[in-house]
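Here is a short briefing for a first look. Please keep the sequence and the 3D view open as you read.

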Amino acid sequence: MSTQDQHGRKRPAARIPRFRAPRLATTGGFVAALALTAALATPLAPAAQQARADDGKKVLTVAVAQSVDSLSPFLATRLVSTSILRLTYEYLTNYDPKDAHAVPGLATEWKPSADKLTWTYKIRSDATWSDGEKVTAEDAAWTFNKMMTDANAATANGSFVTNFKKVTAPSPTELVIELDKPQATMTSLDVPIVPKHVWEKVGDFSKFNNDKDFPVVGSGPYILKDYEPDSYVRLEANKKFWRGAPEFDELVFKYYKDGDAAVAALQKGEVSFVSNLTPAQADSLEGQDDIKVNDAPGRRFLALAVNPGARAKDGERFGDGHESLLDQRVRQALFLAVDRETLIDKVYQGHAVEGEGYIPPRYSTYYWKPSADQKLAHDPAEAARLLDEAGYQKNSEGKRVGKDGKPITYRVLCHATDPNDKAIGQYLKEWWGELGIGMDLQCLDNVSDPWLAGTYDLAFDGWSVSPDPESVLFLHTCDALPATPEDTGATDNFICDKKYDDLYTRQHAEYDPAKRADLVKQAVSRLYDTGYMNVMAYPNAVEAYRTDQIASITTMPEGAGNIYGQDGYWSWWSATPADSGGSSDGGGSAGVITGVVVGVVLLAGVGGFLAMRRRATAEDRE
Amino acid sequence: MTADAVSAPAGQADGPAPAAAPPVRGPRARTWAGYLRYGAGKVGGAAVSLFAVLVTSFFLFRLIPGDPVKTMTGGRPVSAEQLAALRREFGLDLPLWQQFTDYCGKALTGDLGTSYQFRAPVTEKIADALPNTLLLTGTAFVLYTALGIVIGTRSAWRQGRLGDRLNTGLALTLYSLPSFWLGLLLIIVFSVGMGPVPGLFPTGGMESGGEQGFAHVLDVAHHLVLPVLTLVAVEYGQTLLVTRSALLDETGSDYLTTARAKGLRDDAVRRRHAVPNALLPTVTLIFVNLGRTVAGVILVETVFSWPGLGGLFYQALSVPDLPLVQGLFLFFASAVIVMNTVADLVYPLLDPRVGR
Amino acid sequence: MTTEASPPAAPAGPRALARQRRRRAAVRFWRQYRTHRAGLVGLAALALFALLALTAPLTVGSDVAGVTDAPGRPMESPSAEFPLGTDRFGRDLLGLLVWGSRVSLLVGLLAAVLSVVIGALVGITAGHYKGMYATVMMRVTDWFLVMPALVLAIALATVLPRSLGTVILAIGVTSWPTTARLVRAQTLAVESRPYIERAKALGAGHVHIMTRHVLPNVMPLVLAQTTLMVSGSILTEATLAFLGLGDPTVVSWGGMLQDAREAGAVSAGDWWYLVPPGIAIAGVALTFTLCGRAVESVLNPRLGVAR
């Protein structure tokens, strides 16, 4: 129709550019697309050795996945954040890398009064803040006082000061803490001491995240230089650190939300260190050049915790744990059906130790293992017998029936983010299925809600055990129960056992190390017998680093220990750069080469595009 | 695959974009006054949609079982008084309807609350991550749109020939790939290096950190290649197919025959007459896609550790960090709604049949 | 559709006539479909996938998904015994791939059906009942249409307990609006035909018109829509499983990819763990898309309306 054609020509002039615009974008975009394609095919770009930055600086890059919750020492609770703060703010004391006993930090020595209610710390005079000011006892006093008076400043470490009566600094080198009652953690106060002259200007502590003004004034081995959320955290060596400056010039925590991406980055040398490896990753890295896999006994245990009927200290019961689990025989039967050897062999592929007692073998002083006749070894027949004996018989369909006449199905809480939970859960489902017990594996991103409400039957549970088992033992005392169902207690899974409590209290008051260790073992033995906490495995800390970037690094404990998530700052402070190549072929030249490559590729793209167009036109003419 | 995966295939052969309102032709849009009336209607509709999204974002995530305050404290021992104080701080002690009106009132003033886990304003977290997401999706968007239109045009012009069949087939195949899977494979091949291919590109993240100036730009560009490639590969097919079918609708038109009869070169006919008209349905798709790509980038951001909104959303959901989840949901949905509205508003302006 | 005014001389009743007409339409449909080569390829592949999934209990058996009696060592590379190697539990990956097709196809189909049923219901009713109801329904449709579907699906899957039902629901509930719009347009077109007017005059009720006249006419469109929707659903299922939002105890392709990633197969270079499930997902998605496109171009709704 000619009208259409006319209309085409009669279009108002002003409209034409509107049609032009997309075409221009089209051309440009296509060139760029070609460039991309060409870039892929160009075997030039040198991407490796990214970890080495410009101008010959020695950079140590650590791959991390966890997001920083806050960089304020008063708010941060996540491992990644507290690890970074450990490096930027010195504490009063530190832990010895060999056996974790208290060693000097900002305090050079400390002394309790006879009644253990007044502690006097001598503060070193050779420590300075990174802005040049001296670190004094006044800074420490201010930090503690702030936490005691401002609830918002007590968010992260408030538990350390709840018992504090008064904190004063009689002189710049003397700090005095008065207590309401004796406190065991006085030589392990994991509280970053902040500079008063900076922090007293902060208004609302609940909203101040300490991530706007860089560099952040600190006193640790590294100074916080830069932070880009979920991208990187950059630290610079503190040349004036009193213990001696780290040998690396920079420490960068770089984000890899995906574990495989982190491993790939390690293989390429983009990062120097990766933690939390899976068995498959560890095995594939094991044989590679310039990479050392650190497969060390871990400080964690993985257990199957039983809900023993959630309750508060005031005696009120809540939650809806399965009544059959109140029977010790049932709990033990469930554990008897678990073949730990298979779990170690298949799920961890050898990167773990079979679980027994509550304390990992790494802590030999307190490590306890059951005797042969006490041990709940894998024995499905015995498990079935115990269940029969407890009165949970199989019905006609082969399902065991509860007292309410319904088939038993246990809800098992698992962490959706932990692949091992899910894997072990599948084994349990089949093993218990053979016993005639159903299982509903409930994998959640955040288990704390049903956990605290007691609305589960069993749960995957794991804790990092400190050198002193005090805190993990406390979790299972009646004292740790919440005061009322509305509170949140320190308790792990609502265990309250009189015999255990008795042993706990006795070890708490015991000063003789050998006797205390014996009492701890008895407590662990009791816990084992109750069947409330069934430890299945002690997973290893599986990490890897590049030996062409890191020459040496301190593990903790020094013999065979972990690197990431230590109690002190030893690993990153002690790491020494390898002198092989590395730092010389800096990223500067890599950047330039990348630039050249991109330029060439772009030109090639434009050329190619033009050529294509000409050909296209020629074809059309035919 | 991104959000498009759910509903897009239906749109492919449907000509006009799947999510777009039917093109408005007719008396209503013929005059400027008509256009203004039409525009006001569209904007009004968008406002209603935005409000509906506000309601959803508030109530949907309240369905996640559990007590946000206990979640916030992450199982640490906390007394009932402290929990109550936290509840007051975040306004969780108020009746639901009051929380809702507060939320709406604040949202109107641009205040989306404070993130539980980061203790920072939600708007600030979004503003931090937004440029990164925009950089990634913007680059990918320009590329796949351009690629889709160019190849789609060529394909349609040579309909049925080998080139067309290869192109359409390739587009359909790439379109069927799960984007996260393609991303993982690209990492294996081009980041880790495989066989003769050296590791050319970074495995993840957006920057190495530490570079300044031009070096920084190059560094980011270097990190951008693989995620953009992934997005382009899975996304360009849709644009291609829509462009192609739109153009095929046009190629039968008499005015093209006339134009050829006048002796115009094929190329000129295509460029001056067919493509501009055929692009119309594509324009709608383009805007809709822009909004959707922002929302659908979650997977690619996860695979490539890109510090953008998608990763933030996923992280917020797993806590769950209600204010952040709500804020992001609101943002994603608003992006789509706004882009849709823009498409609706632009369409009649571009349609040459308007103002006849 | 011109046969509505059937000649009175026809020996059979109107029902039989309608049946005949539909049979003829089906034959015509098949003849046209046959000309689409891509559609035929898709159909053949589809049949193959369906056969694999249906016979899986006979060929591999449900034991293949059991972890306790897994035959191999974890993460073995391909061998004569395990052509695609083994997974992290030591299970045969080829067997799992075949077994996993059941869940992936089932979820894909059910989610697509759910989505299309919702869409068709909303579309037909909104097209039939005009006025307030239609306005509200289309408003709701528009609103769902602009919701970022994946974000909404992820949100739903997080809010609800983790199970296959949740995944189906999350996909179905977020993907129906396109169908609703298409079906409504078709319904409006059908209802404007004179014979509907006649039926109304003869006293046909709403239900009668919708089920007897509108539904058969929009059915082909619904069918095409379902076919196209399946590929999207399968991809979304894989996506949700990959993000860890599926049921971890059920074997599906997306779940296998998630397992592979969690086990560190990507960086360990265990391509046999990663590549086959991805290809399977893409293959099935492509198959459905090819069929759907062929069906659609045969039926071409716009031409149908004009006829």
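In which helix of chain B is Leu231(B) found? Leu231(B) lies in helix H10, residues 213–251. This is a predicted model, where local features need pLDDT of at least 70, side-chain atom pairs count only at pLDDT 80 or more, and totals for chains, interfaces and linings use all residues. Residues are numbered from 1 along each chain as its sequence is written, while chains are lettered from A and ligands numbered from 1 in the order in which they are written.

**Chain B overall**
- Chain B has 15 helices and zero strands; helices (H or I, at least four residues) and strands (E, at least two) are DSSP runs, numbered from the N terminus.
- Of its 356 residues, 58% are buried (20 or more other C-beta atoms within 10 Å of a residue's own, with C-beta atoms placed from the backbone).
- Take the contacts in chain B between residues at least 6 apart in sequence: 74% join residues at least 24 apart. Contact means C-beta atoms, placed from the backbone, within 7 Å.

**Leu231(B)**
- Leu231(B) counts as buried because it has 27 C-beta neighbours inside 10 Å.
- Not counting residues up to four places away in sequence, Leu231(B) touches Ala140(B), Tyr144(B) and Val300(B).
- Asn289(B) is 58 residues from Leu231(B) in sequence, and 12 Å from it in space, C-alpha to C-alpha.

**Where chain C meets chain B**
- In this pairing, 43 residues of chain C contact 44 residues of chain B.
- H12(C) gives the most to the chain C side, with eleven residues.

Terms used:
Buried ≥ 20, exposed ≤ 12 C-beta atoms within 10 Å, placed from the backbone. Contact = placed C-beta atoms within 7 Å.
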